[in-house]
Amino acid sequence: MPTPSDGSLFRRRSLLKAAGIGTAGAAGFPLLSACAEVSGGEGNVQEVDQTLDILPTYKEWPLPIEPDLVGEPPNHPSGYLAYPNPPAKAIANPPSNSGSYQVYVPNWGPALAKDDPYLLAMQEATGGTKIEFVQSDGEAFAEASTQWIQAEEFGDAIFMFGWMTNSHAGFNETVVNRFADISDIVSGDIAERWPLLAGRGDNAWADSVWSSDPEDPVGSAGIYGVPWGLLGGPSNAFFHRADLLAEGGFAVPTTVEELLETARAWSDDKAGRWAIGGTDYISKAWFRLEATGWLWDGSGLVHNYERSEFKEWVEFQRTLTDEKLRHPSVGSADFDGKTLHRTGEILFDQDGWSRWWQMTQEVRATGENPAFELGPVGALTFQGREPMYHSAWGVGGWLFFRKDLGEDAIAELLDVSNYVAAPYGTKEYETVQFGFEGQQFEYDADGRPALTEAGVRGFQDSLSYTAMSGTTEYLLEGPADVIEARFAFDEAILPYLDTNPFAGLRLTSPESGTNAGSVFDEKVNDIIYGRAELSELDGAVATWKSEGGDEAREFYEKAYKQLHGE
Amino acid sequence: MAVTAEPAAPTAAPPKTRATAPRRKPLRHRLRLDWPLVVLTVPALAQLAVFFYAPSAYSVIAFMDYSPYRSLWENPIVGFTHFQILFEDPYFVDALLNTLQFAFAQLLFVFPTSIGLALLMHSVISTKLRSTFQSIVYLPYFFSWVLVVSVFTQVLGQDGLFSRWLVGMGGDRLDIMRDPDSFMFLAWLQWTWKDAGWGMIIFLAALASINPALYEAAAVDGANRWKRLWHITLPSIRPVIVLLLILQLGSILSVGFEQYQLQRASVGWGASEVLDTFVYYRTILSANGESLGTAAGLFKGVIGLLLILAANNIAHRLGEQGIYQKS
């Protein structure tokens, strides 16, 4: 669940401080100490407070055209069936700037040359600000960024996805020591210069606040990043090749048992055909395992690892290995799910939602397979239990500025962020996401921008300007049939979306708990991929508890009890 | 006519003179003579000072509760706490044991392979054939580990060339790239392919310095190929073998990083965790990062130094030169 808009839980300013749990800041507020002599490694917690005075004053940025399908954002986003063509101009008068900056971004697509026509055109469109995007492979970026940030070698700004901060021990401390506090620049009424950033909303900006003094979390709070997209609804999807399922006479599975049945019937190891691709993060919900790892059982927190459902999940994963139902490269760096799914070497694969519309649009554009059809599998159940689907919540990432970057320079970069915050259906969004007509995209028969071959080769999935900010509102995109199907899927899945038991808190587990979890995960991977026996799981759980799991439980339980008044 | 020398009349015995070492020239004099050589060493010394000795001074943080957010002298001293944490960590022991296994496997199997390749190459008379073979053998050294692991995956992976051929023949897929039990063998294959050819070059240089007259004389005396190898070739390159062996012992706990990190997901951490990956995962990416990592680095350095000193001492006792001439 994303941060609820009613804010009922969070309008209790300094709730945690009053309750004695405190809010961590520059030095980290030790809740538990791993070692008497050595600091660092303590868990810490920060409150996400939407009532802080430092937040920009929210001013709605109304969509130029009402969407055709109106949902309940953020969990059930709206969408346009017909592309608003020509799209509305969100920024009437672009600013006039001339600065030159370097921004570090993770990237999964092609690397853009410094003089790429897209970058040059965007420089002009955004008001003259020249940005050199230093792009690195996303997985490597997550780990290397720990050193870049400590060494203060990340250009003028760096973009970090929320999940990447897990690689940074004590990230809350890093933020206030290494990044610029932009509160003075964005606080109050910013609608005149940055109307789109003002339309981002309190949820997004409150999630970009960190405190530098644990004794005074409100007084020392500052906005340290430009929020990326505010997440909501089903977090990821398990896609199936609908055309291949139909061709083989199979129905879309609704239970784990049916999935295994279909996989057994379709897979043929000798013929180089395996039904299943990636399942590691998507499949835990099928067994009702918690996204945060922790479940309140009425008297205390129980971790996924300790539950019988986890053992069932491990057994399921091991079955995929033993019966050769999963592509053999899954689990290694060589696994390329997108290509294997597109070519039909695998039937099912997990991914973010963009795969659905992007791959569909691409395959239709190339005409390589007219029958190609992708679709998401619903909330699978196991042994007849109630379905569950993991939801996305909070801000997806942040753009952080170098600590000593001047106010004028930050303001100039915020001009670009403001441009990028324009939502789907605007000219600005079109240029950021698709580039420029005749170069990176052409309008297809339905009037939608579709990447040209040059766009696919040099631009697709490439994170550059998209990193500068999230948009004012997330809207569904893609071909009309895909949007309709996604809209219906989101509506159907709403009752099964899980909720965040720690909503409103930014928690960092004690280091011992994180370490024990990493070691445990390695062991589970050994079991899943046949390098260890299932019988070793119980021993691994006992080790996890004693090596840090119980310490982590104590930390989370304290936070949970004080948050929920238990 | 025979001429006989008149015996010299006995004279007083010459005064006993004590053998003395030649008097060392004063430093000023030596500097005046050797200043061009001294100047030539300055860039190397500067490079060492800036990139090695100055950073090495920061090893002191292994004894501190270090935080990058405060100045060095503000960090409290915690003595050997980080070493204690390191030695009490059960995963450190596993990483150390794995490292030692890989190190000794490299010493036992890759080092001799380089010598063998050099001997083989030395015996090839055709220059064209030798240069072609030499290029093929040491080219992989210039490949990154990413490329090496990719090539091995394409050839020996479960969906690789060899597996497909086996399946086509009615067999099972090869599992060597994901099997922790055979990871040592896989690692050996990778080292050999990547590094053995490069290691051969120094031995080839040593072989080239052997006087050909020795072989000719031995051949005239009836020594066959094996006897010449045993009595001329190997003794001639022995100092180089000993020197390289000692140097390799010094870096015995540094078996590499990328090779193990890249294959960690495939074979599991239990088989692939070495000290460098341990440092990366347990210190660089954790809260105790800098101090614990430095403690692990110091540990490696101290062990390396002790091994070098011990091996050098043994080499001297056996009459070898070692890494320096014993005065």
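User: From where do the domain bounds come, and into which domains is chain A divided?

Analyst: Domain bounds come from an automatic or database domain assignment. The model discussed here is predicted. On that assignment, chain A is divided into domain 1 (74–86 + 93–233 + 395–477) and domain 2 (237–390 + 499–564).

User: How many residues does domain 2 of chain A give to the contact with domain 1 of chain A?

Analyst: The C-alpha centres of domain 1 and domain 2 of chain A are 29 Å apart. On the side of domain 1 of chain A that touches domain 2 of chain A, four residues are nonpolar, one is polar and one is charged. Domain 1 of chain A brings six residues to the contact, and the number from domain 2 of chain A is six.

User: Which residues of helix 17 of chain A make the contact with helix 10 of chain A?

Analyst: By class, this contact of helix 10 with helix 17 of chain A holds four nonpolar, two polar and one charged residues. Helix 10 of chain A takes part through V314(A), Q317(A), R318(A) and T321(A). From helix 17 of chain A come V524(A), I527(A) and I528(A).

User: Are the residues of strand 13 of chain A buried or exposed?

Analyst: Strand 13 of chain A covers residues 397–401. G397(A), L399(A) and F401(A) point one way from the strand, while W398(A) and F400(A) point the other way. Five of the five residues of strand 13 of chain A are buried.

User: Which residue of strand 13 of chain A is the bridge partner of G225(A)?

Analyst: Strand 4 (residues 157–161) of chain A pairs with strand 13 of chain A in the antiparallel sense over five bridges, and there A157(A) stands opposite F401(A). Strand 7 (residues 225–227) of chain A also pairs with strand 13 of chain A in the antiparallel sense, over three bridges. In strand 13 of chain A, the partner of G225(A) is F400(A).

User: Which element gives the most to the side of chain B that touches chain A?

Analyst: The contact takes 30 residues from chain A and 26 residues from chain B. Elements of chain B that give two or more residues are helix 2 (81–88), helix 10 (258–267), helix 11 (269–272) and helix 12 (275–284). With three residues, the element of chain B that gives the most is helix 10.

Methods
Residues are numbered from 1 along each chain as its sequence is written. Chains are lettered from A and ligands numbered from 1 in the order in which they are written. This is a predicted model: local features need pLDDT of at least 70, side-chain atom pairs count only at pLDDT 80 or more; totals for chains, interfaces and linings use all residues. Two residues are in contact if their C-beta atoms, placed from the backbone, lie within 7 Å. Helices (H or I, at least four residues) and strands (E, at least two) are DSSP runs, numbered from the N terminus. Ala, Val, Leu, Ile, Met, Phe, Trp, Tyr, Cys and Pro count as nonpolar, Asp, Glu, Lys and Arg as charged, and the others, Gly among them, as polar. A residue is buried if 20 or more other C-beta atoms lie within 10 Å of its own, exposed if 12 or fewer, and partly exposed in between; C-beta atoms are placed from the backbone. Two strands pair if DSSP finds at least two bridges between them.
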